Amino acid sequence: MIIKRYENNEQMSIKASEIVKEQILEKPNSVLGLPTGSSPLGMYNHLIAMYKSGELDFSSVKTFNLDEYCGLPTDHPQSYHEFMNKNFFRHVNLKPENIHMPKPDKGDQESGCEDYEKKIRQAGGIDLQILGIGRNGHIGFNEPGTPFSSRTHVIRLHQDTRQANARFFNSIDEVPKAAVTMGIKTIMRARKILLLISGESKREALYQLVFSSVNEQFPASVLQLHPDVIVLVEKSACTRLEKEYPFINNQLNI
Ligand code: F6R
């Protein structure tokens with residue numbers, strides 16, 4: 001695992017967009033796994049700018065989003081469908097048929113999850129999976145205790161996660177209690193993983209990512225077992241880690 005530290009969110013986002021750009025230039029029909037949340041917003045902005053300046057072409061790229069809330073219509077302002085449309089999809093030339101998102105409320109949920117896995121397989125698997133991390137170590141919406149063998153499934157959201165996401169709703173009561181998420185196994189099958197960690201509230205999560213044993217109570221610890229993970233971290237998230245482990249030239253190789 002390579003961990004790179006950046007002065008601020010902007011610097012981190014520029015680097016993240018460059019990694020995505022390299023991936024697409026190397027393989028124009030790349031399959032990307034995409035997150036929502038605050039951490040990737042700057043990266044999406046830079047990718048949009050690269051598209052508008054002609055540096056990047058998304059016409060052959062396929063995308064699979066990590067997760068979606070249950071119980072919200074897809075056009076609800078806080079649905080992840082809407083988030084992705086607003087912050088990325090509608091600004092670039094991705095083909096609508098190449099965009100995939102879990103659709104939790106369409107018919108039988110279990111077969112919907114199976115179908116999502118099948119579509120990922122049919123696309124040839126995920127080349128680059130981009131992730132954020134929850135304060136409790138969740139990746140996607142795989143909350144503590146989720147089996148490492150999990151594939152796309154429905155999950156009940158922890159109170160801590162609902163609390164963290166309440167900032168986007170009028171109150172915590174409006175935050176859905178369940179979501180569909182790619183499983184840990186789905187994520188681990190990606191050929192390359194890019195994890196973005198931003199903000200002081202993630203300092204404990206970053207520390208655990210590096211120092212915790214690999215265990216299901218801290219889902220992101222599984223990333224220690226993946227052969228190709230790059231973690232981009234904003235400086236303010238490093239305060240705990242750097243006390244124990246000095247970065248050399250802003251980089252740690254774990
Ligand atoms: C979002 C997702 C979540 C977020 C995580 C961090 O699709 O899968 O795991 O990445 O909750 O969210 P932010 O970036 O808002 O701190």
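**Helix 2 and its surroundings**

Author: Gly54 follows helix 2 and has a positive phi, near 85°. Helices (H or I, at least four residues) and strands (E, at least two) are DSSP runs numbered from the N terminus. The model is predicted: local features need pLDDT of at least 70, side-chain atom pairs count only at pLDDT 80 or more, and totals for chains, interfaces and linings use all residues. Residues are numbered from 1 along each chain as its sequence is written, and side-chain values use heavy atoms, with hydrogens and water left out.

Helix 2 covers residues 41-52, and its 12 residues should span 16 Å at 1.5 Å a residue; the end C-alpha atoms are 17 Å apart, which agrees. The expected span is 1.5 Å times one less than the number of residues.

Gly42, Met43, Tyr44, Leu47, Ile48 and Met50 of helix 2 are buried, meaning under 20% relative accessible area with a 1.4 Å probe, protein chains only (exposed is over 50%, partly exposed in between). The cover over these buried residues includes helix 1 (9-26), strand 2 (31-34), helix 3 (80-87), strand 6 (128-131) and strand 9 (192-197).

Of these, strand 6 is covered on both faces: Leu128 and Ile130 are buried on one side, Gln129 and Leu131 on the other. In a regular strand, side chains alternate between the two faces of the sheet. Strand 6 pairs with strand 2 in the parallel sense over two bridges; two strands pair if DSSP finds at least two bridges between them. Leu128 is the bridge partner of Leu32. Strand 6 also runs parallel to strand 9, joined by four bridges, with Ile130 opposite Leu194.

Note on methods. Contact = heavy atoms within 4.5 Å.
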